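Colleague: Could we go through the charged side-chain contacts in this model together?

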Amino acid sequence: MIVTVLLLLVALCARGGEAEERAAAPGAGHVSVVVVGGTGDLAKKYLWQGFFELYVQQVASGNSFSFYGGGLSPADVATPLLFDILKAVSCSKDASEERCALLRAQFLRLAQYRQLKTLEHYQALAEHIGRELQQEGIAEAGRLFYLSLPAFAYVDVADKINKSCRPTGGAWLRVVLEKPFGHDFRSAEVLATQLEDSLKDEEMYRIDHYLGKQVVAKILPFRVENKRFLDPIWNKHHIERVEIVMKETLDVKGRISFYDQYGVIRDVLQNHLTEVMTLLTMRLPTNVSSSEEVLQKKLRVFSSMLPLGKNQAVVGQYQAYQSTVQQEMNRTKDHVSLTPTYAAVLAHIDEAQYEGVPILMISGKMLDERVGYARILFKNDVFCLQSSDGVHCKPKQIVFYFGHGSLQYPAVLVSKNLFRPALTSAEWKEVTEHADVDILGLHISDYYVQTPTEQKEAYSELISHIFAGCKNNFVSAANLLASWGLWTPLLHSLAGTHPRVYPGGADNRDLLDIRVSGKDVGYTSEVVIISADQMGGPSANSFQVMQGNFRGGDMVSAWPEQLVERLAADMEAAAEAAVREGGVFHLALSGGSTPLALFHRLALHHFSFPWSHTHVWMADERCVPPTEAESNFRGVHDHLLQHVRIPYFNIHPMPVQLNQRLCVEEDRGAAQYDKEIRGSVLGSSFHFVLLGVGYDGHTASLFPGGRADGAAEGLAALTESPVKPHRRMSLTFGAINRARAVALLVMGKGKHELITQLSRVNDKPDKWPVTGVKPADGRLLWYIDYDALLG
């Protein structure tokens, strides 16, 4: 039986009472609310509290409610769970204890659990609603379905709702969808198309709870209310940069199965932070309450965005993430996830108003504090010689502070050297008494501060908008696809990137600091070094792979086993790419003991390596017979070549033994190798060159003070080593620096002093030959194990 409670018509969703909202407001009658996934975590934390607050707000009207918690479990199992959740809802502080108890009791009487697994279950729910309406003799206003479900279930549930649960007689249907709305542009497009088969666009409410935050909802009204002050300065001549930041201290334990598929960019930046960005940069609509006009202004922002590529982002991953993935997803210890838990992205808008203005969107897990804000930092042309504490010398900024952090409440803050913001709404108030806190470089007393008169939870706000039929704060299909169109190319370009690993919390220090350089962004610290204490001691499981830069090249560091695995995988990826592109892969290898573990890894684990299309060359060779143990070729042969299926004629040893003599200049062995390279390797450009670094800084067989330390014009040359055997043959810098990729492998504690020296010296190939390795058009990659990096 339906318990009828008189309700007030819901307030219009936007201030001002525009006709669009009046037309959308629900008429009198019965409203059925169905939360599919009604005993899940989101429903428990937010949704039922939001629907209770909606119920409480609507007192003394001709409407009535029924609430249904739906799920896959049978009713006898799930009913107790649902009512435990419902009993925990709370009233506002203004309600008396007696009134709150009465409201809660009424809410519980209006609720029930329904199993919603099959089409027959949905049909039974529809029959139940129809029967109750007929028995009570009341008209139906509408049905609200909230799908608190994984996205893969949306299409099936929408189809069941469409086939069995549509109301009749002009009553409305509203279906709420939770993010994620797809994984990239294509999947979002497919999902949108499939949902259109069951639901009309006006019936779908794609919810982004950030749009329900009071400060986020205030951005457009604030810009309108303060248009007189903002119009002259809201442009490239005055704005230094825009920052949109969401920091979290929590990890993702318990959410790994979802999070590992999506990562921080899909989870936060593509939706929450992008929505804030559009609100800050869109042209002001003439009617802020018009959802259609607001959408068109947002779409114009997307169409004006410069493309996002790999150079516009840095990514990171907190240290414990890998072990959590292995535990929760039952992965082996050698499984490496590349899912980022931190990202900083630099965006630009290609419009005259914002030309050159950097827009930074940053979010991460396991950071130093929980806080969210958007800051517009303005240029300051005032220089104070003595009174640097004066108000005009301090940063000029507007901060939309979403909550938490040192301030602990949502607020809009305007530095006092800008202007005093208008206060036009009774829903906001000015704060004049402050705690002793600093906000983004300014003491709180240096700001004009406005905050909501009553703080409301985002889901509660959005639920009231859904009930009112107001779509301003929801994501349209066009808006969604435009956002994915912006982010998908970046996600694809980052697909194989190893994120920088960070320890978490305060220990991150400057590891995640970034520097903007023109249209590009990068980490400020080139080399990432984390102490053994921070890593939990020298354990191969405590820290697997970290990434940074070293001497202008990309750097990967790990414990030796993981480092070799990574190098082998990168080499195979380069081989596959080269074979796809041109049908052949040219690989030059150094000898010595350092790469032996790599050769074993390739021979024993990389069975799909395209050896039949690979040509193996030598980067250097000792002038000894190739049958002797000292021969570099002998080492490569014994540890790699004889274990893989590579055609004999694809192997190119250096001709150090001609005419029964070793490296005699008159035999012109180096010139012969030069000719062989030029005749076989397109443009004399190897696809991949693997080098080591000696204790004296030599690489290949290019030694300090040697005659082939850069002057040789050919691709191969005879050189002199300070140790026996003195005579060597080597690729020259001319050959090495033509390569598409040059990898420098450095391993062992004995190399720590060398790495320390190399991190400090300038390019001096005569003294430190390895500093002459500078690929002209290719990549320089350093693979340094922790022993060499940390000592």
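**Salt bridges**

Modeller: A network of salt bridges links Glu240, Arg241, Glu243 and Arg375; a salt bridge here is a side-chain nitrogen of Lys or Arg within 4 Å of a carboxyl oxygen of Asp or Glu. The model is predicted, so local features need pLDDT of at least 70, side-chain atom pairs count only at pLDDT 80 or more, and totals for chains, interfaces and linings use all residues. Residues are numbered from 1 along each chain as its sequence is written, and side-chain values use heavy atoms, with hydrogens and water left out.

Colleague: How many salt bridges does that rule give?

Modeller: The count comes to 35.

Colleague: How far apart are the closest N and O atoms of glutamate 240 and arginine 241?

Modeller: They are 3.5 Å apart. Glutamate 240 is partly exposed at 37% relative accessibility, and arginine 241 is partly exposed at 25%; buried means under 20% relative accessible area, exposed over 50%, and partly exposed in between (1.4 Å probe, protein chains only).

Colleague: Another pair, then: which side chain meets lysine 247 in a salt bridge?

Modeller: That of aspartate 368, at 2.9 Å from N to O. Lysine 247 lies in strand S7 (residues 239–247) and aspartate 368 in the loop between strands S10 (359–364) and S11 (371–378), so the pair ties together parts 121 residues apart in sequence. Strands (E, at least two residues) and helices (H or I, at least four) are DSSP runs, numbered from the N terminus.

Colleague: Is lysine 247 buried or exposed?

Modeller: Lysine 247 is buried, with a relative accessible area of 17%, whereas aspartate 368 is exposed at 51%.
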